[in-house]
Amino acid sequence: MIDEHATATWFSKPGDSIRAIMQRRNISAHELAQRFDDGLDAVRSLIDGSRQIDEATAATLSAILGATTKFWLKRQENFDTAVERAVVQVRESGQEDLLLSLPAPNRRASGRLTSERRAAEIRKRLVFYNVPDAESWTRRYGRLVGETDYRTSKTYASKEEATLLWLRRGELEADMIQTRPWNSGNLMDRLQEIRKLSMIRHPERFLPRLRALCSEAGVALVVVKAPEGCRASGAIRMVDPDKAMLLLSFRYKRDDQFWFTVFHEMGHLVLHKANTFVDDEALPGDVDREDEANAFAAECIIPPLRESEFERVQPKKDDIVRFSVSIGVAPGLTVGQMQHRGMLAPEKLNYLKRTWDWTQINPATV
């Protein structure tokens, strides 16, 4: 029997109970989605707290997850009451303007807001970030640039607001993925199998397998298209004490960039104990960690024992394809490494790289 009083604190959404029961009963998000007309969108909104549990939803949850319909309705009622209490406390404590300045989905209307609308906007941010007040938000997100490890082009400056929204959406997606406890050794054990996935052409075929291999090592692999202004291609973050998130944006939509980003982020997970940090040359230690993650990724693509052979590969299609097949990676990855090391001009043999568009990527992101 679930103790609804123990789970009714405001910052514990009904979705937290849903996730816990799904994990305990080994029910996947896809299985739960089959019971709702709007599928995974319903599961997402229930877990992130943006969807109210009404009579029909409570009956469905009761039938699939257990507990009574009354329990689920009371869970929602307690949550709503606690959130409203938090909104009042925010406004009384003088934190209102700070909370309203935070980025949130669906930008609020411009101009002067009524008191009722301001309260609704505060509520939206508290629920979206899953924090009870401004201090809690600051502890988790306030030093985004100082705590987040996201790879981004040095040609463009990431806008912090867009990157924050991307990261938070990644966390919410990671909530729906069940994983074993995070273990770097388990991830290393699966690297060879992960490398082989680069040989598969279509994202809808390789992404589910990549996600499954990562989950076995305690990593929730998530793909979220970056919003306008966000230039990040990948990030890592501990979303729970025993669960890491590896967030990808498919920014370049090319196999050499995609797989290098995957291995780069895995390098941070393995080498840096899943700690988060800034990808910024101005901060001490960042360059060294980036270099280490880059070297890790390069070795995932070109095994060290094949390095001397790689250096003798001629910049010709047949030679590159032959070598790539022999080491078990797609030719585009070899081309990318050759271009990066100056063995091949940037404009040469790019047709060996696989490119995708979002019509191919989207079906594999859920």
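Two residues are in contact when heavy atoms of theirs lie within 4.5 Å of each other. The legends below describe a predicted model.

Figure 1. Of the 366 residues in the protein, 53% are buried. Among contacts with a separation of 6 or more, 70% are between residues 24 or more positions apart.

**Figure 2. Phenylalanine 258 and the largest nonpolar core are shown.** This core has 49 residues. Leu210, Phe258, Trp259, Phe263 and Met266 are the residues with the most contacts inside the core. Helix 14, which spans residues 255-271, supplies the largest share of the core, 7 residues. Which residues does phenylalanine 258 contact, leaving aside its neighbours within four places in sequence? Phenylalanine 258 is in contact with Phe206, Leu207, Leu210, Leu248, Phe250 and Trp356.

**Figure 3. Strand 3 and strand 4 form a hairpin.** Strand 3 covers residues 232-240, and strand 4 covers residues 243-248. Between the two strands of the hairpin there are 2 residues. The strands run antiparallel and are joined by 6 bridges. Within this pairing, isoleucine 236 stands opposite leucine 246 of strand 4, and alanine 235 has leucine 247 of strand 4 as its bridge partner. Strand 3 is mostly covered, with 7 of its 9 residues buried.

**Figure 4. Strand 4 also pairs with strand 2.** These two strands run parallel, with 5 bridges joining them. Leucine 246 in strand 4 is the bridge partner of leucine 221; leucine 246 also stands opposite isoleucine 236. How many of the residues of strand 4 are buried? The count is 6 of 6. Both faces of strand 4 are covered. On one side are the buried residues Lys243, Met245 and Leu247, and on the other are Ala244, Leu246 and Leu248, also buried. Leu248 is one of the residues in contact with phenylalanine 258.

**Figure 5. The second largest pocket holds about 540 Å³ of space.** The pocket is lined by 26 residues, and those closest to its centre are His30, Met176, Ile177, Gln178 and Arg211. Which helices and strands each supply at least two residues of the lining? They are helix 2 (29-33), helix 3 (39-48), helix 13 (203-216) and strand 2 (219-223). Helix 13 gives the most, with 5 residues. By type, the lining divides into 13 nonpolar, 7 polar and 6 charged residues. Strand 2, which contributes to this lining, is the strand joined to strand 4 by 5 bridges.

**Figure 6. Serine 324 lies in helix 17.** Helix 17 consists of residues 317-327. Why does serine 324 count as buried? Serine 324 counts as buried because its relative accessibility is 0%, and buried means under 20%. Leaving aside its neighbours within four places in sequence, serine 324 is in contact with Val329, Ala330, Pro331 and Thr334.

Key:
Residues numbered from 1 in each chain as written. Predicted model: local features only at pLDDT ≥ 70, side-chain atom pairs only at ≥ 80, totals over all residues. Heavy atoms only, no water. Buried < 20%, exposed > 50% of the residue type's maximum accessible area, 1.4 Å probe, protein only. Helix = DSSP H or I, 4+ residues; strand = E, 2+ residues; numbered from the N terminus. Pairing = 2+ DSSP bridges. Core = buried A, V, L, I, M, F, W, Y, C linked by side-chain atoms within 4.5 Å. 1 Å grid on protein atoms, 1.4 Å probe; cavity = no way out; pocket = protein on both sides within 12 Å on 5 of 7 lines; lining within 4 Å. Points joined across faces, edges and corners; volume = space filled by probe spheres on them. Nonpolar A, V, L, I, M, F, W, Y, C, P; charged D, E, K, R; others polar.
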